[in-house]
Amino acid sequence: RLHPSARLQALGQLHGTRARTEMAPILIAALQDMDPAIRSVAMKMLEPTSNDQDVLFLLREIARWDESPSNRVEALTLLSKNYPELATELLQQALHDSEETVRSTAQQLLEQLTVSSSQHP
């Protein structure tokens with residue numbers, strides 16, 4: 001197994017050179033990596049409109065269970081922006097997260113979703 005820094009470098013190099021369809025399995029693998037930094041980079045590389053069920057499943061899992069609070073925040077933010085219908089329940093659960101940053105972000109994102117849905121019924 002390559003060192004995390006080597007995996008990060010490889011992921012970055014592949015991102016600019018591969019077609020979106022070729023990147024999907026690579027990103028799915030990276031979202032499951034043991035290293036939180038690699039999961040974070042993979043989330044940043046996701047296409048905002050990806051409807052890949054594996055990706056959505058992994059984002060939900062990261063939002064719930066990732067050891068890194070910043071990864072949980074990143075996953076919640078991505079889901080909230082791009083999949084608000086999937087995010088509400090996760091955001092409500094995140095209000096009880098052990099980390100204050102996750103709880104406060106969840107509260108802010110829930111408020112934004114509420115405002116957005118009231119402006120666009």
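**Close-up views of a predicted model**

**View 1. Helices α4 and α5 are oblique to each other.** The model shown here is predicted. Two packed helices are described by the angle between their axes and the distance between the axes. Here the angle between α4 (residues 53–65) and α5 (residues 69–82) is about 135 degrees. Their axes lie 7 Å apart. The angle is not over 145 degrees, so the pair counts as oblique and not as roughly antiparallel. The crossing of α4 and α5 is left-handed.

**View 2. Side by side, α4 and α5 meet through residues of both helices.** From α4 come Leu56, Leu59, Arg60, Ile62, Ala63 and Arg64. From α5 come Asn71, Arg72, Ala75, Leu76, Leu78 and Leu79. By class, this contact has 8 nonpolar, 1 polar and 3 charged residues.

**View 3. Helix α6 (residues 84–94) has buried residues and exposed ones.** Ala87, Leu90, Leu91 and Ala94 are buried. Seen down the axis of α6, these buried residues fall within an arc of 105 degrees, so they line one face of the helix. They pack against α4, α5 and α7 (100–119). On the other side of α6, Glu85 and Glu89 are exposed.

View 4. Thr101 and Val73 are 28 residues apart in sequence. In space, their C-alpha atoms are 7.7 Å apart. Is Thr101 buried, exposed or partly exposed? Its relative accessibility is 45%, so Thr101 counts as partly exposed.

Technical notes
Residues are numbered from 1 along each chain as its sequence is written. This is a predicted model: local features need pLDDT of at least 70, side-chain atom pairs count only at pLDDT 80 or more; totals for chains, interfaces and linings use all residues. Side-chain values use heavy atoms; hydrogens and water are left out. Axes are lines fitted to C-alpha atoms, for helices over the stretch in contact, and angles run from 0 to 180 degrees between N-to-C directions. Helices (H or I, at least four residues) and strands (E, at least two) are DSSP runs, numbered from the N terminus. Angles under 35 degrees count as roughly parallel, over 145 as roughly antiparallel, 65 to 115 as roughly perpendicular and the rest as oblique. A crossing is left-handed if the near helix is turned anticlockwise from the far one by less than a right angle, and right-handed if clockwise. Contact means heavy atoms within 4.5 Å. Ala, Val, Leu, Ile, Met, Phe, Trp, Tyr, Cys and Pro count as nonpolar, Asp, Glu, Lys and Arg as charged, and the others, Gly among them, as polar. Buried means under 20% relative accessible area, exposed over 50%, partly exposed in between (1.4 Å probe, protein chains only). The arc is that of the directions from the helix axis to the C-beta atoms.
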